[in-house]
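Hi,

Here is the structure I said I'd pass on. Have a look at it first, and my notes on the strands follow below.

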Amino acid sequence: MSRQAALDQVEATSSVSSETLVRVEGCTKHFRRGSEEIRVLEKLDLEVPKGEFLALMGPSGSGKSTLLNLMGGLDRPTTGSITVAGERIDQLSRPKLAAWRARHVGFVFQFYNLLPVLNAERNIELPLLLTHLSRAERKKHVETALEIVGLSHRQKHYPGTLSGGEQQRVGIARGIVTDPTLLLADEPTGDLDRKTGDEILDLLQALNRDHGKTIIMVTHDPHAAARSTRTLYVNEGRLRAEPVE
Amino acid sequence: MKFLRLVGSNLKRKKIRTLLTLSSILVAFVLFGYLAAIRQALSQGVDVAGADRLVVRHKVSIIQFLPESYEADMERIEGVAEATHATWFGGIYQEPQNFFPQFPVKPEEYLAMYPEFLLPEDQKQAWLKSRTGAVVGRTTADRFEWKVGDKIPIQATIWTRSGGQRTWEFDLVGIYDGAEAGTDTTQFLFRHDYFDEARDMARGQIGWYYVRVEDPDKAAGVAAAIDNEFANSPAETKAETEGAFVQGFADQIGNIGAIIQAIVGAVFFTILLVAGNTMAQSVRERTGELAVLKAVGFTDAHVLGLVLTEAVTIAALGGFAGLGLSWFMISAGDPTGGLLPIFFLPRQDIVIGIVLVVVLGLLTGLLPALQAGRLRIADALRRL
């Protein structure tokens, strides 16, 4: 499939909003391992409309997490541009990119990545420490986030005393506590059993449907991808609308 | 402030490791404080020696005597304000290990020469009235639980009394305090006239002179004039400032400052390696967490600052506790029971200690902090 054909198909399946929130243009990402150059993404284009719940699928090493990292400003493309909410994030300096992430992006990780020394509410509060909010305001935001993920009764619990599903809910609460423009989830159900995974997917769907959050989720699981409003496939560094057999 | 809670939580992550690191730093600073006090004690108060006081001794050795008649001659030399003398008595109180310095002196002249010896006026008058009277510094009085009115028997090792009697009995009429932390409050002082009359040898001879000069800037010139005055006499003199005299004593043991600096340097280098390695290990273990912090918006500078603050906090907790503990232990007094009469932690060493705490914290945290600051989020997350 040609790049244009893939893009046409991508656009054909997106139906959420005409306003583009994320625009990836001609994006290439190469890594160097010793003398070997590894080409992870090749001239990739993608548009994500505001309010979409996009699933990125693909085999291991296909470049889907790399693409997610680029859109979240965790890494920079080798060539090409990435624009989020009208801002060219690939051109921002490291400090400005960090500030941008704090304002605009929430991350949900496969293994939750909570700080074990902080209880649930302190973990959720972390991104708010970078704002000018007072302690009382931060507390209020944390309580709201905990309420959304249904964990108000576990706010004082440390990660070690929470189940996997509960830890992921805390991770999601941390991701949404700043009310970000974009929520990026990397295999959010990858470490959970089916039932708990479904609960997490219910939560992400609710965030997309009821709170209008734009979500981009990387997953291996077709069952999880089925919850999204659109699914794209990354294979050998290129984006496709259909899985490669 | 809001980030300090994060630092505090990290310190509680591995309590035993944090405690052991704190303890090693604490021990290093206790050692630092103690060695500083010992250096001060061995230099016998060079820093607190009077700038306007000279010590005049026999040119050959301090154990050679000088004639008592020199006092009047010295006072005639231009630039000399006043002169007095003292002699080493070297007696034993009950047991040989109960060491403290004892000097026969002229009470009024000696107290005028040492205004930092604070003796109540009524006790001074009592001393002037009593030929067998003696005064003692607070440290020695407390050590032997002496009080005014006690009779103090001292066994002579050098100065036997007429008739060969070794016991000298003194009436304790006063206890003096020091005006400053460095003032020697271990001395036992009694009257020279009683001593000179009762001793069975070397009458009219004294150990050394103290001379107050009118202008401290001209002390070297006055010292030279004194030595010239007694040149080619049977008892030639060597005059020097009190500071130089005290330093000369200290130098007999060796370059104490250099020895102590070497010990402290070795200790701190070791602690630097231990604490630095612990800090580096602690940061390595948290690579993923630091990457998450950066992912949620913490800048390189934030993460660098957090790690540095953590290192400085560990150094500060251990270091200040160590300095405090050493101060407390040193305040309990001379651990040798009299060999180190001036035993205190000098203020300048406290300041050096505080600076060392901060420097140690910054140095142990610097490399791990730079590593954490430079951490690439995507790489670190991939390694999780």
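In what order do the four strands of the open sheet in chain A sit? Going across, the order is β2-β1-β4-β5 in chain A, and the pairing is antiparallel. Do bear in mind that this is a predicted model.

At the edges of that sheet you'll find β2 (36–49) and β5 (87–88) of chain A, each of which pairs on one side only. Helix α2 of chain A, residues 64–71, packs on the sheet and touches β1, β2 and β4 of chain A. The direction of the helix makes about 60° with that of β2(A).

Further in, β1 (residues 20–33) and β4 (residues 79–84) of chain A are antiparallel partners, with five bridges between them.

Over in chain B, have a look at β8, residues 167–178. Here is what pairs with that strand:

- β5(B), residues 117–118, runs antiparallel to β8(B) and is joined to it by two bridges. L118(B) sits opposite D177(B) there.
- β6(B), residues 133–137, runs parallel to β8(B), with five bridges. Here V136(B) faces I175(B) of β8(B).
- β7(B), residues 151–155, is antiparallel to β8(B), again over five bridges. I154(B) has W168(B) as its bridge partner in β8(B).

Cheers

Definitions and conventions
Residues are numbered from 1 along each chain as its sequence is written. Chains are lettered from A and ligands numbered from 1 in the order in which they are written. This is a predicted model: local features need pLDDT of at least 70, side-chain atom pairs count only at pLDDT 80 or more; totals for chains, interfaces and linings use all residues. Side-chain values use heavy atoms; hydrogens and water are left out. Two strands pair if DSSP finds at least two bridges between them. Contact means heavy atoms within 4.5 Å. Axes are lines fitted to C-alpha atoms, for helices over the stretch in contact, and angles run from 0 to 180 degrees between N-to-C directions.
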